Amino acid sequence: MGLPTQVVTNADLAERIDTSDEWIRSRTGIAERRIVDARETTASLAITAARQALQRADADPRQVDLIIVATATPDYPLASTACLVQDAIGAVNAGAFDLGAGCSGFVYALVMGHRSIASGESELVLVIGADTLSRMVDWDDRATCVLFGDGAGAVLLRATEGSAGIHGTLLGSDGSGSQMLYVPAGGSARPASAETVANKEHALRMDGRQVYRFATQTMADACERVAERAGLPVDEIHHFVPHQANQRIIAQAAKRLQVDESRFVCNLERYGNTSAASVPIALCEAAEEGRFRPGDHIILVGFGAGLTWAAALLQWGETELARPVPWWHSLGRKALYGWARVRSRSRRTRRSIAQWLWRLLVPLTGLRD
Ligand code: ACO
């Protein structure tokens with residue numbers, strides 16, 4: 001996981017805008033959230049999460065075949081965040097791309113990674129959910145700014161023998177609801193201008209009540225359908241790891257599925273809605289707490305902007321988390337990250353020198369591109 005250190009409580013927000021701890025807690029279940037500082041970005045959180053996943057799995061970044069970063073808040077509109085992660089971890093043999101499916105993004109990315117492995121195209125896939133929605137909310141809009149937090153979570157997918165792994169997947173979308181939750185400007189429909197900035201059109205806009213209705217219907221449906229695809233009744237699911245948007249949405253889903261709410265992994269009280277990062281952060285925390293046992297069936301379920309929804313049913317395997325990682329492996333990985341930094345700088349310097357030489361030589365030789 002990659003979590004900013006800065007904690008913003010409901011009381012902190014109540015000092016700045018017209019809200020209260022009581023309102024936020026009772027309507028959402030959120031008590032505090034983590035917010036990036038000036039030096040942190042989506043990529044920096046994603047890199048921290050990626051390095052942790054590689055450490056836990058004791059894996060060599062040079063063996064990673066594919067990196068998928070699910071995000072709605074990339075560092076740049078162009079040049080993917082996945083490529084920044086690839087460069088920073090020295091994954092020199094990996095393809096890398098960003099995936100945009102709002103808060104469902106991580107589950108979408110997990111399904112894509114799983115399919116890449118199942119097709120034989122990849123052996124090791126790094127799947128990351130990372131977002132810094134604090135950079136995209138209007139901090140004067142109390143209806144949205146109290147909901148979100150920043151963070152990143154990562155998992156490493158690897159082909160294995162045996163019954164552990166992903167047994168069912170479900171992806172869904174409904175673009176007719178795209179304006180229920182969107183950022184109006186900054187894309188090709190409405191490029192950035194002084195007017196869009198003045199109108200705060202680069203901030204997230206949401207119809208909270210409509211999204212709430214959509215979420216309560218979708219979450220339970222998606223769980224039921226993915227369980228059906230995997231040939232399992234819902235009451236044989238040991239744990240649900242839902243997108244952490246609102247405790248009331250989770251409670252409604254549990255009620256509709258007729259399962260005890262305690263089977264839902266919830267941490268939104270401490271982190272708020274971290275968008276594409278919420279499912280992997282909840283998954284990683286629950287795994288580290290030893291909540292999952294080998295053989296347990298787990299449903300990961302997300303919903304979000306687009307509109308999109310996604311679910312994956314997996315069976316937990318013998319966990320490698322408890323196995324100690326030899327210190328020389330950890331040291332080797334740290335050395336690789338240092339080498340990745342040097343490699344990146346030297347490649348950039350080489351390109352600058354080559355360009356400089358080219359500019360110098362062209363007038364002398366009369367050559368053109
Ligand atoms: N503090 C105090 N009062 C507030 C606040 C606030 N932060 N925000 C809104 N209010 C007020 C409203 O102005 C309204 O006042 P009014 O009745 O005088 O007009 C009142 O509280 C009730 O507002 P509602 O919007 O009806 O409140 P609701 O109970 O629906 O809760 C909420 C709002 C929490 C946003 C809820 O609708 C929700 O959770 N929706 C889903 C949001 C969500 O999940 N979004 C993420 C999707 S995932 C992704 O892709 C990013």
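1. Strand β12 (residues 308-315) has 7 of its 8 residues buried, so it is largely enclosed by the rest of the structure. A residue is termed buried if 20 or more other C-beta atoms lie within 10 Å of its own, exposed if 12 or fewer, and partly exposed in between, with C-beta atoms placed from the backbone. Strands (E, at least two residues) and helices (H or I, at least four) are DSSP runs numbered from the N terminus.

2. On the basis of the model, please note that it is predicted: local features need pLDDT of at least 70, side-chain atom pairs count only at pLDDT 80 or more, and totals for chains, interfaces and linings use all residues. Residues are numbered from 1 along each chain as its sequence is written.

3. The sheet that holds β12 is open and has 4 strands in the order β7-β12-β11-β10, with mixed pairing; two strands pair if DSSP finds at least two bridges between them. At the edges stand β7 and β10 (239-242), each with a single partner strand, so one side of each is left without a neighbour in the sheet. On average, neighbouring strands here are turned by 15° against each other, direction ignored. The axes behind such angles are lines fitted to C-alpha atoms, for helices over the stretch in contact, and angles run from 0 to 180 degrees between N-to-C directions.

4. Strand β7 (residues 165-173) runs antiparallel to β12 and is joined to it by 8 bridges. Within this pairing, S173 has T308 of β12 as its bridge partner, and G168 has L313.

5. Strand β11 (residues 297-304) is likewise antiparallel to β12, with 8 bridges between them. V301 stands opposite A311 of β12. The hairpin of β11 and β12 has 3 residues between the strands, and G306 there takes a positive phi near 145°.

6. Another open sheet of 4 strands is ordered β4-β3-β5-β6, and its pairing is mixed. Its edge strands, β4 (95-99) and β6 (150-158), each pair on one side only. Neighbouring strands of this sheet are turned by 15° against each other on average, direction ignored. Strand β5 (residues 124-132) runs antiparallel to β6 and is joined to it by 9 bridges, and L124 has R158 of β6 as its bridge partner.

7. Which residues come nearest to the ligand? Of the 23 around it, these are T19, G102, G208, A245 and G304; a residue is near if its C-beta atom, placed from the backbone, lies within 6 Å. Two or more shell residues come from each of α2 (21-28), α6 (142-145) and α8 (208-229). Helix α8 gives the most, with 5 residues. The shell comprises 12 nonpolar, 8 polar and 3 charged residues, where Ala, Val, Leu, Ile, Met, Phe, Trp, Tyr, Cys and Pro count as nonpolar, Asp, Glu, Lys and Arg as charged, and the others, Gly among them, as polar.

8. The axes of α8 and helix α9 (residues 247-257) come within 9 Å and cross at roughly 45°. The two helices are therefore oblique to each other: angles under 35 degrees count as roughly parallel, over 145 as roughly antiparallel, 65 to 115 as roughly perpendicular and the rest as oblique.

9. I30 lies in the loop between α2 and β2 (32-34). I30 is buried, with 26 other C-beta atoms within 10 Å. Although I30 and N273 are 243 residues apart along the chain, their C-alpha atoms are separated by 8.5 Å.
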